[in-house]
Amino acid sequence: MALFDAVDIIRTKRDGGVLTPDQIDWTIDAYTKGVVKDEQMAALAMAIFLRGMDRAEIARWTDAMIRSGARMDFSSIGKPTADKHSTGGVGDKITLPLAPLVACFGVAVPQLSGRGLGHTGGTLDKLEAIPGWRAQLSNEEIMTQLGSGCGAVICAAGSGLAPADKKLYALRDITSTVESIALIASSIMSKKIAEGTGALVLDVKVGSGAFMKDIDAARELARTMVDLGRDAGVATRALLTDMSVPLGRKIGNALEVEESVEVLAGGGPADVVELTCELARNMLELAGVHDADVEAALADGRAMDRWRAMISEQGGDPDAPMPRAAHTHQVLAEADGTIAEMDALSVGVASWRLGAGRAVKEDPVQAGAGIEIHAKPGERVTKGQPILTLHTDDEWRIDRALEALSGGIGIADGVELEQRRVVLETIS
């Protein structure tokens, strides 16, 4: 491999130049090995944030991160594979009912997931609210669960997958370079391609509670990731979905597990059910299964059976009661009228402050903390009626959560809201 100077590479991108394939390969390899230091990669990440990358650069950057580690291979399990990735939101528990639902139709779901940071929740944090459930599995355990087991696994990614991304992700978080479309796309897709899935559906959130606030930016991110997937031979499709309002009616770890079980039992909030079914149909289509009646699998108990098996196979007790927070506080309607606004970011930050999320990756989370939503936009309330119930183990957190909610919920009289669409666009 050719040798380069990190300062020259930083200068090239700082001045708006295009990095060559050899420069990118060297940079990722040298950073993984510690030759390029964090402060140098931080400078390069900021240059990329400000100057961007063209499609060829992003593709090579992604490929170099994949090649920094191992790749998984599911060809031996004898089933097609499909996965889903969400860019993160408030109340986004979709992975929990989705994985067992898709597995009902003979498509294995290797869902390697992460933890929450800031106002967006993490799938592993939610599932760890279930007593006994394990996030860390060996490759052999993953293969067995996908093959002869329930057909779906939700677990932590091994350290061997795209280790360059793991280093760079942590650095971006503390250098204000998270929102770069080039860096977001390459981060997500390097892990998903290295994971070895045959099909991938991307849930790109748009709105106040998402990283992408603007639909044009979300569209660009989705297009970039779909192109990266296809270039790597992975059947890829993206759905742009609304995150201006929290998804579902329960926000927080144990609370979101409860709501997921409601969906698997044939109930649950309409928006959660709609998005779960739409993502399932897309995953199954890309994996070669057409015209699947996913709603029937929720209604007749098949998806619930897969859920129970998935939780049990990872050491969890699907019948165990969920943890409860020590303190609750109700937020009451201040007037009669219709809920006209419920800002997803405000609710997400409030849940985080109650203890459901973390500020840095080392922070613990409270299993029972979070928010129950009793009335959402378009629904009538009367003065004094509960709109939200806050849950926390630390009573002192409630005032800080209420500060986050200030101005985030609006009540109006005589207002008519447009019908909210959960899925805004499909990009394939």
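In strand E10, Val 381 is the bridge partner of Gly 337. The structure is a predicted model, in which local features need pLDDT of at least 70 and side-chain atom pairs count only at pLDDT 80 or more, whereas totals for chains, interfaces and linings use all residues. Residues are numbered from 1 along each chain as its sequence is written, and side-chain values use heavy atoms, with hydrogens and water left out. Helices (H or I, at least four residues) and strands (E, at least two) are DSSP runs numbered from the N terminus, and two strands pair if DSSP finds at least two bridges between them.

**The antiparallel sheet and its helices**

- Four strands, in the order E6-E9-E11-E7, make up an open sheet with antiparallel pairing; its edges are strand E6 (250-252) and strand E7 (327-332), each of which pairs on one side only.
- From one strand to the next the twist of this sheet averages 15°, where axes are lines fitted to C-alpha atoms (for helices over the stretch in contact) and angles run from 0 to 180 degrees between N-to-C directions.
- Helix H15 (residues 344-356) packs on the sheet and touches E6, E9 and E11, with a direction at about 135° to that of E9; contact here means heavy atoms within 4.5 Å.
- Helix H16 (residues 397-405) lies across E7 and E11, and runs at about 140° to E11.
- Within the sheet, strand E9 (residues 370-373) and strand E11 (residues 386-392) pair in the antiparallel sense over 4 bridges, and Glu 372 stands opposite Thr 389 in E11.

**The mixed sheet**

- A further open sheet has 4 strands in the order E1-E4-E5-E13, and its pairing is mixed.
- Strand E1 (82-86) and strand E13 (423-427) are at the edges with a single partner strand each, so one side of each has no neighbour in the sheet.
- E1 pairs with strand E4 (residues 199-206) in the parallel sense over 5 bridges, and Asp 83 has Leu 200 in E4 as its bridge partner.

**Pairings of strand E8**

- Strand E8 (residues 337-342) pairs with strand E10 (residues 380-381) in the antiparallel sense over 2 bridges.
- E8 also pairs in the antiparallel sense with strand E12 (residues 409-412), over 4 bridges, and Gly 410 in E12 is the bridge partner of Glu 341.

**Charges over rings**

- Lys 167 lies over the face of Tyr 31, at 4.3 Å from the ring centre; the criterion is that NZ of Lys or CZ of Arg is within 6 Å of the ring centre and within 35 degrees of the ring normal.
- The charged end of Lys 191 sits over the ring of Tyr 169, 5.1 Å from its centre.

**Pocket and cavities**

- On a 1 Å grid over the protein atoms alone, a cavity is a set of points where a 1.4 Å probe fits but cannot get out, a pocket is an open set with protein on both sides within 12 Å along at least five of seven lines, and lining residues have an atom within 4 Å of a point.
- The second largest pocket holds about 510 Å³ of space, where grid points are joined across faces, edges and corners and a volume is the space filled by probe spheres set on the points.
- The second largest pocket is lined by 19 residues, of which Pro 377, Gly 378, Glu 418, Gln 419 and Arg 420 are the closest to its centre; helix H12 (270-286) and E8 are the elements that give two or more residues to this lining.
- The whole structure contains 4 cavities of 30 Å³ or more, and about 140 Å³ of space lies in the largest cavity.
- Among the 22 residues lining the largest cavity, His 119, Thr 120, Gly 121, Ala 356 and Gly 357 lie nearest its centre.
- At least two residues of the lining of the largest cavity come from each of helix H6 (123-127), E6, helix H11 (253-264) and H15, and H15 supplies the largest share, 4 residues.
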